[in-house]
Amino acid sequence: MLHSKSGDNADKLFSQVKKNENILKANRNSMRTSKLQNAMAVIMSTDVDGDMKIDENEESSLRKSLGSVYNLEISEDDFSKFLDRRSRSIAAVMDFVKVSLEDEEITSKNIRKIFDS
């Protein structure tokens, strides 16, 4: 009888752990989606002329805004070269943010990986 109860308790514990893992996964996905939406809002508000490209006069503002949102120092030269290689498109900037968020947080290491590609 004692063995049966401890087996039931272990099953309940395992079930609860699985539920918590699923909740955590859903929360991470939600946070990532929220970060992408915030980034998109920053990017779109920076594109003042609405041409879906980050012009040179918009670049500094975008770099500073993304740096501020994610608490990072983004190299002016690297960011400019990145934009030039990708036709300065907003889609390229979104790719930058998506790749940066691969590890759930944008880090200098992630950004370096993007700039070096």
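Reply: Helices (H or I, at least four residues) and strands (E, at least two) are DSSP runs, numbered from the N terminus. This is a predicted model, in which local features need pLDDT of at least 70, side-chain atom pairs count only at pLDDT 80 or more, and totals for chains, interfaces and linings use all residues. Residues are numbered from 1 along each chain as its sequence is written, and side-chain values use heavy atoms, with hydrogens and water left out.

Me: How many helices and strands are there in the chain?

Reply: The chain has 5 helices and 0 strands. Read along the sequence, its pattern is α-α-α-α-α.

Me: And what share of the residues counts as buried?

Reply: Of the 117 residues, 31% are buried, where buried means under 20% relative accessible area, exposed over 50% and partly exposed in between (1.4 Å probe, protein chains only).

Me: What of the contacts between residues at least 6 apart in sequence?

Reply: Of those contacts, 57% join residues at least 24 apart; a contact means heavy atoms within 4.5 Å.

Me: Now the loops. Where does Met-52 lie?

Reply: Met-52 is in the loop between helix 1 and helix 2. Its phi is positive, about 65°, although Met-52 is not a glycine. With a relative accessibility of 43%, Met-52 counts as partly exposed.

Me: Which residue touches Met-52 and Lys-53?

Reply: Ser-89 does, leaving aside residues up to four places away in sequence. Ser-89 belongs to the loop between helix 3 and helix 4. Ser-89 counts as buried because its relative accessible area is 17%, whereas Met-52 is partly exposed.

Me: What other residue lies in the loop between helix 3 and helix 4?

Reply: Arg-88 lies there. Its phi is positive, about 60°, although Arg-88 is not a glycine. Arg-88 is buried, as its relative accessible area is 11%. Ser-87, which follows helix 3, also has a positive phi, near 60°.

Me: Let us turn to the packing. At what angle do helix 2 and helix 3 cross?

Reply: The axes of helix 2 (residues 56-69) and helix 3 (residues 76-85) cross at roughly 115° and come within 11 Å. Axes are lines fitted to C-alpha atoms, for helices over the stretch in contact, with angles from 0 to 180 degrees between N-to-C directions.

Me: Which residues meet there?

Reply: From helix 2 they are Glu-59, Leu-62, Arg-63 and Leu-66, and from helix 3 Glu-76, Phe-79, Ser-80 and Leu-83. This contact of helix 2 with helix 3 divides into 4 nonpolar residues, 1 polar and 3 charged. Here Ala, Val, Leu, Ile, Met, Phe, Trp, Tyr, Cys and Pro count as nonpolar, Asp, Glu, Lys and Arg as charged, and the others, Gly among them, as polar.

Me: Is Arg-63 buried or exposed?

Reply: Arg-63, in helix 2, is buried, because its relative accessible area is 12%. Apart from residues up to four places away in sequence, Arg-63 touches Ile-74, Ser-75, Glu-76 and Phe-79.

Me: Which residues of helix 3 are buried?

Reply: The buried residues there are Asp-78, Phe-79, Ser-80, Phe-82 and Leu-83. For Phe-79, the relative accessible area is 0%.

Me: On to the largest nonpolar core. Which residues touch the most other members?

Reply: Of its 18 residues, those are Ile-43, Leu-62, Leu-66, Phe-79, Val-93, Phe-96 and Val-97. Helix 1 (2-46), helix 2, helix 3 and helix 4 (90-100) each supply at least two residues of this core, and helix 4 gives the most, with 5 residues. Such a core is a set of buried Ala, Val, Leu, Ile, Met, Phe, Trp, Tyr and Cys residues joined through side-chain atoms within 4.5 Å.

Me: What does Ile-43 touch?

Reply: Not counting residues up to four places away in sequence, Ile-43 touches Ile-54, Leu-62, Ile-90, Val-93, Met-94 and Val-97.

Me: What separates the C-alpha atoms of Phe-79 and Phe-96?

Reply: They are separated by 10.0 Å, with the two residues 17 apart along the chain.
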